[in-house]
Amino acid sequence: MASDELAKKLQSRMAATQEVEPRPEPVPSPVRPKPQQEAEGACGGEPSSSSELSAVLTRRQDINDGTAAPCRNRVFNPYTEFKEFTRKQIKDMEAMFKRYDTGRDGFIDLMELKLMMEKLGAPQTHLGLKNMIKEVDEDLDNKLSYREFLLIFRRAAAGELQEESGLMALARLSEINVSAEGVMGAKDFFEAKMQALSLGSKFEAEIQEEKDERKRQEVDKKQRQAAFKQLQSAFCS
């Protein structure tokens, strides 16, 4: 009997010791950044200090290989970045870009550029089309964004395109005159300076003209509504 009691006491003491003994906490495994996060860091995000250098080097290698994904963090404003063009010129170029962006994805790809050049009367070979895109393709995605499309006309106005190039044919046949008022195409520095100084007032004048036109349309609309109501009341009386 004494041995049975002693065995029970030892068992209860061992059970109490196991309950009180602290269990080791699990150590969390380190979280590695995903490739997408590294790419975003290379494009101007906020990567961790341990992965920043490798992300930059990886993106640089991708750019050299032609496989880099484009950065889309920067907000693009054509009116502030392309100040050498008037609002009307930029709107004309935007309308042309949208007309040939048949996929409505904000880009002109190789097939859409092929169709554009055919409609402009200057068809290009497959290699010629690729070279046209390559000449202004800053993000290496093998298609033209709206900003890259505007670069064509900037370089045309600045005289940076070869006469026989496909981009020069595009700029010449687009019916958008970018050389008459383009500051970049001015031959004399002082002439360009004067055009740059007068550009701000011209820009404001165009905005004011658009506002006045909207006001005239609103007045005409109200007058037509009033005339219709008067005619309707006379008919019903």
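Helices (H or I, at least four residues) and strands (E, at least two) are DSSP runs that are numbered from the N terminus. The structure is a predicted model, in which local features need pLDDT of at least 70 and side-chain atom pairs count only at pLDDT 80 or more, while totals for chains, interfaces and linings use all residues. Residues are numbered from 1 along each chain as its sequence is written, and side-chain values use heavy atoms, with hydrogens and water left out.

**Exercise 1. Describe the order of the elements and how much of the chain is buried.**

Step 1. The protein chain has 10 helices and two strands, and from the N terminus on they follow the order α-α-α-α-α-β-α-α-β-α-α-α.

Step 2. Of its 237 residues, 27% count as buried, where buried means under 20% relative accessible area, exposed means over 50%, and partly exposed lies in between (1.4 Å probe, protein chains only).

**Exercise 2. Find the aromatic pair of Phe-76 and state which elements its rings belong to.**

Step 1. A search of the whole structure gives six aromatic pairs; rings of Phe, Tyr and Trp (its six-membered ring) pair if their centres lie within 6.5 Å, and planes under 30 degrees apart count as stacked, over 60 as edge-to-face and the rest as tilted.

Step 2. Phe-76 pairs with Tyr-146 at 5.9 Å centre to centre, and with 70° between the planes the pair is edge-to-face.

Step 3. This pair links distant parts of the chain, since Phe-76 is in the loop between α3 (49–65) and α4 (78–81), whereas Tyr-146 is in helix α8 (residues 146–157), 70 residues apart.

Step 4. Phe-76 counts as partly exposed because its relative accessibility is 27%, while Tyr-146 is buried because its relative accessible area is 13%.

Step 5. Both residues belong to one aromatic cluster, whose members are Phe-76, Phe-82, Phe-85, Phe-97, Tyr-146, Phe-149 and Phe-153.

**Exercise 3. Trace the surroundings of Lys-143, beginning with the ring under its charged end.**

Step 1. Lys-143 lies in the loop between α7 and β2 (144–145), and it counts as partly exposed because its relative accessibility is 23%.

Step 2. The charged end of Lys-143 sits over the ring of Phe-107, 4.3 Å from its centre; for this, NZ of Lys or CZ of Arg must be within 6 Å of the ring centre and within 35 degrees of the ring normal.

Step 3. Leaving aside neighbours within four places in sequence, the residues in contact with Lys-143 (heavy atoms within 4.5 Å) are Phe-107, Ile-108, Asp-109, Ile-133, Asp-137 and Glu-148.

Step 4. One of these, Ile-133, is 10 residues from Lys-143 in sequence and 6.2 Å away in space, C-alpha to C-alpha.

**Exercise 4. Compare the positions of Asn-142 and Arg-104, two residues with positive phi.**

Step 1. Most residues other than glycine have a negative phi, and most peptide bonds are trans.

Step 2. Asn-142 has a phi near 65°, a positive value in a residue other than glycine, and Arg-104, which is not a glycine, has a positive phi of about 55°.

Step 3. Asn-142 lies in the loop between α7 and β2, and Arg-104 is found in the loop between α5 (87–100) and β1 (107–108).

Step 4. Asn-142 is exposed because its relative accessible area is 59%, and Arg-104 counts as exposed because its relative accessibility is 61%.
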